[in-house]
Amino acid sequence: MENLIEIRSLDVRFYLKEGTVHAVNGVDMDIPANRTLGVVGESGCGKSITARAMLRILPPRGKIIAGSIRLAPRDSQRQPIEITLLAPGGREMRAIRGGDISMIFQEPMTSLSPVHTVGNQIMESVRLHQKATRAEARDRAIEMLRLVGVPMAERRVDAYSHELSGGLRQRCMIAMALCCHPRLLIADEPTTALDVTIQAQILNLIERLQKELGMAMMMITHDLGVIAESADEVAVMYLGRIVERGSVDAIFNRPKHPYTVGLLESIPRIGKGNTERLASIPGTLPDPFQQPPGCPFHPRCKHRMHSVCDAGDPPPARKVAQGHEVACHLYPANGEGRP
Amino acid sequence: MNAALLKVQGLTKFFPITTGLFRRTAGGIKAVDNVSFEIAEGETLGLVGESGCGKTTTGRLILRLIDRTAGEMQFNLGERGIDLGTLSRDELRRFRKHMQLIFQDPFSSLNPRMTVLDIIAEPLRAHKYGNRAEIEDRVRWLTQAVGLQVEYLRRYPHAFSGGQRQRICIARALVLNPKLVICDEPVSALDVSVQAQILNLLKDLQRELGLTYLFIAHDLSVVENISARVAVMYAGRIVEMAATSELFHHPRHPYTEALMNALPKPEPGARTGRIVLPGEVADPSNLPPGCAFHPRCRYARDGCREATPKLRALGHAHLCACHRAEEIELGGV
């Protein structure tokens, strides 16, 4: 297996009272070791659900109904681990969670326990995954807090999450995620709830730790600026599908899919002044219970072709350049598509 | 430049911190400290800063949703200058039709049990605007003006997406034909593709209806896109204020420089070194002495720890509160 994680044709559905939501549809994704995959999309595009499926922490009504998620073994002699076949609460999955794959969440206030000190929460993870005495685990917790730049770590280890600011809480979350040297860190909107100057601190920290510890990373965000500065490869998602994927350079400088183009045009850019009218994508995200037929983006697409885009199956991903794929009827299989 | 619609002078808000059984005052927070600015009729002033800097409190003080500790707020309505701070409750209620507010979160600011028609018509009814038919005409006209279909008027807010809800909020704010609209983070809860629609809509409505905006936001690129002038706040004070392009291309305050630099740019490889401010936003209940920004400032000298810098004019309508503004060279965008 070349990559650390290989996801193939992943389908996740939510069975709710109001109907069925096709949250993730046929997603293929590769994350190579030591690289950063940026996953970008708007709310409801399935980016967080894909990550949660990898950790088997889907909400109760979410089910993986097809596809595979394979994790490369630590020992290359062994077989890849098929995550979709493991029991979510089983011993193997618990060893992967935190041990091989860790996740940091958007809201550090709600994802830290209010009744345990941050030190105890880090120690819990250390003692679950490694053989360590309480004292060793505590030393390890202090060491981790120092690593993520928490000042006065030996005192903060006994602090509760409400005693810390948003930036420090996010640092503690990162310390907890990294204390067992995971091979993949999933960062789900890690800086969205933070102020810009604190966001810069946390992005710098994540960048530094990734280099020092040699991890792969999956950076999930709606912020194209964060993606441009942190990712090597980018996957653009819309309504549970990857509509375009490529290197960060290709996605930002040679975007192909009308949705990617629209997203890039609709963000205000600093330094462009106040005269410019923003290009916007018309319409809104459709009702999650009723996905449009054909290409999911066609109701909002200015290039839609009658009876091509609005019927049949969604367009498959096709290669437009080395390492650059797009799922759009404008780029047919036989080569040159429209610009 | 048109005449000033709103003139704010020395606006200050002090929130006491009380402790114990007898609510003894044990200190306080200067949420807004000696803030002065003017907004010309038809202009947009952007107010930008990080959480806790006092930008929202400033907006709420102007609307008299909370009462000021000190300072003057003069609203010029035609020939009349009205002192907002001294209006009585009744006068204030009648006057509020001239100034309205758009909130950040369109999910919590609409009553789920009212139809869209009732939501938009409520201000008209409260201000006794005409009869039923007139009210409905006005609501219909405005619904179309904000880009919603008239058929939606009988529906309830839950049936709408975030962007559509924000359009309803905008219609509600504009239904009384206000002069001044205070937009408090109107697009930060929206998806990127919808954010652009709402920014464009706010600009179009401003042109058509001659609105004046105080646009409060934390996102510099959004503020730049909509504002004619921008004021940057830190720890309750305005630290820099200038015309938009002047501020973005030639910032004079180190905090403004750092804010602009910290913003991730959607251009891979564009970053040439990140200015990372150490520490966190100053604690407003325990401000550092001298310039509140000095513990995080890479240009700070001993003098910055002693005296609080005043907001002073530097060249063309550019105000800056930094002791070293003349000496240091800062990078803009």
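Me: What makes V116(B), I119(B), I120(B) and P123(B) in helix 3 of chain B meet residues in helix 5 of chain B, and which are those?

Reply: They are I168(B), A171(B) and R172(B). Contact means that the C-beta atoms of two residues, placed from the backbone, lie within 7 Å. The helices are DSSP runs (H or I, at least four residues), numbered from the N terminus. This is a predicted model, in which local features need pLDDT of at least 70, side-chain atom pairs count only at pLDDT 80 or more, and totals for chains, interfaces and linings use all residues. Residues are numbered from 1 along each chain as its sequence is written, and chains are lettered from A and ligands numbered from 1 in the order in which they are written.

Me: Why is helix 3 of chain B called roughly parallel to helix 5 of chain B?

Reply: Their axes come within 7 Å and cross at roughly 30 degrees. Angles under 35 degrees count as roughly parallel, so helix 3 of chain B is roughly parallel to helix 5 of chain B.

Me: Which residues of helix 3 of chain B are called buried, and what do they pack against?

Reply: V116(B), I119(B), I120(B), A121(B) and L124(B) are buried, with 20 or more other C-beta atoms within 10 Å of their own. The buried residues of this helix pack against helix 4 (132-145) and helix 5 (162-174) of chain B.

Conventions:
Buried ≥ 20, exposed ≤ 12 C-beta atoms within 10 Å, placed from the backbone. Helix = DSSP H or I, 4+ residues; strand = E, 2+ residues; numbered from the N terminus. Axes fitted to C-alpha atoms, helices over the stretch in contact; angles between N-to-C directions. Parallel < 35°, antiparallel > 145°, perpendicular 65-115°, else oblique.
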